[in-house]
Amino acid sequence: MSQQTATGADTTAGGPAVDPRRWLALVVIAIAQLMVVLDGTIVNIAMPSAQADLGISDANRQWIVTAYTLAFGGLLLLGGRIADYVGRRRIFLIGLIGFAVASGLGGIANNAGTLFAARALQGVFGALLAPAALSLITVTFTDVRDRAKAFGVFGAISGVGATIGLILGGVLTEYTTWRWCLLVNIPIALAAFALAVPIVRESKAHGNTRYDIPGTIMATGGLVALVYAFTKAAEDSWTSPVTLAFFAVAAVLLVGFVLFESRTTHPLLPLRVVLHRNRGGSFAVSVLLGAGMMGMFLFMTYYFQGTLEYSPLRSGIAYLPFSLALIVTAMVASSVLPRVGPRAMMTTGGVLATAGMVWLTQLRIDSSYLTLMLPALVIMAIGMALVFVPLGNTSLTGVDNHDAGVASAMVNTTQQIGGSLGVALLNTVFTTAVTGYVTDHGPASAPLGAVHGYNVAFTVSAVLLAASTLLTFLLIRNTRQTTTADGESADAPTLAPVHVG
């Protein structure tokens, strides 16, 4: 039997065609999503070991995170369009193999440059894989109720996968080597590929298939220049000529991107998507939340393993209350949201997340996990869940069907970009604070200097989270949603789950 191509226009008895193997296809897509989610949390736990093994400086270690998140976030919108036009199944398969190859390159890296390049390559193929997977769910599950269940499973994989990654990263780093935290992606990707070939059906969009390559280059190039400017500020100073030059290049490219998008007929990011009050506010909140939270994970990992001398496995276990509180709160918040509305829930969540981060600024060289870190992590997790559950809805308020894919992808894009900029900025803040402390108190004060640096970084994180809360209160407005007989929102299309962490 020849393979049927699903375009969304295929019909059976006057309705959309139903794929009899749709639930098997969901299993394949879920495996791919699990790999992407695992990669993020596993690498966080492995970072201190990788930095020590490859001799990466404190100023440059943030590239282990930002090389991936910049490539992923900067290319995600383009990746979605490529998947739609070239074929979602084809791009899904290419993304799997490419992600496996990039992971293998990172696993055998013998220097910092190779590891950074591998992480960037992972981001490139992740930017192809993620939107292809989400699009495949949309076109495979044509029934409203089935689609809701499928996205529920996909979202659950995101939460559970992050938790599994924390433990698996600790086990692999402690009992094998940090390299297996990357190499483990290879068998997962190959298994998903082998299953996808006979099960997943092809689908693609038709009509105009032009790509906004200049916009992609300017946006990604501007973000890379901005992150590199933060890195040079840590190595040289905020006012060094090289640092200022990179800030200038970043400004020119990013302003050029906005101007170009306002004039081109096929924009990567139609400005009408971000100029709406609720949507624009949601995207700004997502950037600030990503910036504030990603730095927290980076520095808490180094505090656990460097200052408290936790093993990688114990570090992973220390994060479990955060993951569990996030999952439980998200489940409760989803049922409460229709009654309280997004503005109240997001503002409350932002206040809690900020309070948790402020709590962490009290770290000492021998702080107690049970009395200081555990309460702070749980409070932050509850706050983040209360923000992210409504964020998906507010980011799609009033969006046209033509722009639904771009608006949905922008939630993950802004979170990844915010994380990239936040990690780069906070790592520079940390490095500068430690250098100043050691200069004032002598070389013997280095351990205390590190803790001082963490507290300064967490203070800046708290400011970023507070700013996101203020924007939520000022910009987000509750919107009335009507419900169809099928139980589907009448003014917002289905949204892919937001990836946290």
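Tutor: Start with burial: under 20% relative accessible area is buried, over 50% is exposed, and what lies in between is partly exposed. Keep in mind that this is a predicted model.

Student: OK, where does Val124 fall, with its relative accessible area of 31%?

Tutor: Val124 is partly exposed, because 31% lies between the 20% and 50% limits.

Student: Which helix is Val124 in?

Tutor: Val124 sits in helix H4, residues 112–140.

Student: And which residues make the nonpolar surface patch?

Tutor: Leu105, Ile108, Leu121 and Val124 make that patch, which covers about 300 Å².

Student: Switching to charges. How many salt bridges does the count come to?

Tutor: The count comes to seven salt bridges. One of them pairs Asp146 with Arg22, with the closest N and O atoms 3.2 Å apart. Asp146 lies in helix H5 (residues 144–175) and Arg22 in helix H1 (residues 22–54), so this pair ties together parts that are 124 residues apart in sequence.

Student: Are Asp146 and Arg22 buried or exposed?

Tutor: Asp146 and Arg22 are both buried.

Student: What does Arg179 pair with?

Tutor: Arg179 forms a salt bridge with Asp53, at 3.4 Å from N to O. This pair also links distant parts of the chain: Arg179 is in the loop between H5 and helix H6 (180–183), while Asp53 is in helix H1, 126 residues apart. Asp53 is partly exposed, with 44% relative accessibility.

Student: What about Lys232 and Glu235, how far apart in the helix are they?

Tutor: Lys232 and Glu235 are three residues apart in helix H8 (residues 213–235), about one turn of the helix. Their side chains form a salt bridge at 3.2 Å, N to O. Lys232 is buried at 14% relative accessible area, whereas Glu235 is partly exposed at 35%.

Student: Last topic, helix packing. At what angle do the axes of H12 and H13 cross?

Tutor: The axes of helix H12 (residues 312–340) and helix H13 (residues 342–360) cross at roughly 125° and come within 7 Å.

Student: Why is that oblique?

Tutor: Roughly perpendicular runs from 65 to 115 degrees and roughly antiparallel starts over 145. The crossing at roughly 125° falls between those classes, so H12 and H13 are oblique to each other.

Student: Which residues meet there?

Tutor: From H12, Ala333, Val336, Leu337 and Val340 meet Pro342, Ala344 and Met345 of H13.

Technical notes. Residues are numbered from 1 along each chain as its sequence is written. This is a predicted model: local features need pLDDT of at least 70, side-chain atom pairs count only at pLDDT 80 or more; totals for chains, interfaces and linings use all residues. Side-chain values use heavy atoms; hydrogens and water are left out. Patches are made of residues with over 30% relative accessible area and no salt bridge: like charges are joined within 9 Å, nonpolar side chains (Val, Leu, Ile, Met, Phe, Trp, Tyr) within 5 Å. Accessible areas come from the Shrake-Rupley method with a 1.4 Å probe; for residues, only the protein chains shown count as cover. A salt bridge is a side-chain nitrogen of Lys or Arg within 4 Å of a carboxyl oxygen of Asp or Glu. Helices (H or I, at least four residues) and strands (E, at least two) are DSSP runs, numbered from the N terminus. Buried means under 20% relative accessible area, exposed over 50%, partly exposed in between (1.4 Å probe, protein chains only). Axes are lines fitted to C-alpha atoms, for helices over the stretch in contact, and angles run from 0 to 180 degrees between N-to-C directions. Angles under 35 degrees count as roughly parallel, over 145 as roughly antiparallel, 65 to 115 as roughly perpendicular and the rest as oblique. Contact means heavy atoms within 4.5 Å.
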